Amino acid sequence: MTKTQAVSFSRTGGPEVFDYVEIDLPSPSAGEVQIRQAAVGLNFIDVYFRNGTYKAPHLPFVTGKEGAGTVTSVGPGVEDFKVGDRVAYAGADGAYSAERNVETRHLVHVPEGIELETAAAMMLKGMTAEYLLNRTFKVGPQTVLLFHAAAGGVGLIAGQWAKALGATVIGTAGSEDKIELALAHGYDHVINYKSEDFVGRVRDITGGKGVDVVYDSIGRDTFPQSLDCLKPRGLFASFGQSSGPIENFTLAALAQRGSLFATRPTLFTYIAARQELIDSAKALFDIVQSNKVRININQTYPLREVGQAHADLETRKTTGTTLLIP
């Protein structure tokens, strides 16, 4: 048993509920490895656990689902990983720590040529972009899509990836700086949702036809307008709720707007099978190594300053990807 530093919370609420603490770290159990973390990714799902939108399985709780580091010891029965391996993960609770044990079913090897900090910055967001563009809706050269929060962590990856797939890529953002950032990362058109009617602009851009698919991680503030951007039989993919949950959703709303489809996907369903995780990570690593997608680490915070990082994320002061450094 050793000690390590971590960030936990014992009650739900704002960023002030976090405590920087020392915790016990046992030796890895069967099927686990212990890793020394180089960096931890910050994601909106971390906010949802902290504020109680998603219920933590126990309290106190060390949140965070994404990180990368180096294996320092292996548990019984582990054959696929060894001490010294560079690894990354998305989907294993407890990332807000300097060292941790992780079940190997969550881990992938980080290929040479990709820094651990880059891996930590892109696993959850990058694999989210992968499943949204390749599996939730198969994006290709004929696709016209709308992606909300275009200058966010997922948005900047998705814009570049969708452009590499040949799509016409429309985004929304909340400031001129964010619009310029999105335009530099694959987007053909970016709409300022604070000062423009994004439904009207989408209709103008598409000649009145609408888009094939809307990817919406904002939730309350963009609903039901997102539905109004779709062409008949288009797909509404609601994969987050940064502004709050969608309310008053009815199936009739889909019928009234042209037999629309709607889905509420999550990454963890799409990578639940081991081979799906490996394939998704490989697709992500490949497109990053091809230089068709650049990973933007635009903010870093010491792990002990995670409260400030959460506050900045929630007030939309961040762009691209944010890392916490143990």
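Two strands are taken to pair if DSSP finds at least two bridges between them, and strands themselves are DSSP E runs of at least two residues, helices being H or I runs of at least four, all numbered from the N terminus. The model is predicted, so local features need pLDDT of at least 70 and side-chain atom pairs count only at pLDDT 80 or more, while totals for chains, interfaces and linings use all residues. Residues are numbered from 1 along each chain as its sequence is written, and side-chain values use heavy atoms, with hydrogens and water left out.

On that basis, β9 (residues 168-173) runs parallel to β10, with four bridges linking the two; I170 has H189 of β10 as its bridge partner. Both belong to an open, parallel sheet of six strands, ordered β10-β9-β8-β11-β12-β13. The edges go to β10 (189-192) and β13 (261-263), each with a single partner strand, so one side of each has no neighbour in the sheet. On average, neighbouring strands here are turned by 15° against each other, direction ignored. Helix α4 (residues 176-183) packs on this sheet and touches β9 and β10, contact meaning heavy atoms within 4.5 Å. The direction of α4 makes about 165° with that of β10 (axes are lines fitted to C-alpha atoms, for helices over the stretch in contact; angles run from 0 to 180 degrees between N-to-C directions).

Then there is α9. Its buried residues (under 20% relative accessible area, 1.4 Å probe, protein chains only) are L277, S280, A281, L284, F285, I287 and V288. Their cover includes β7 (107-109), α2 (116-136) and α3 (153-164). After α9 comes N291, with a positive phi near 70°.

Technical notes:
Buried < 20%, exposed > 50% of the residue type's maximum accessible area, 1.4 Å probe, protein only.
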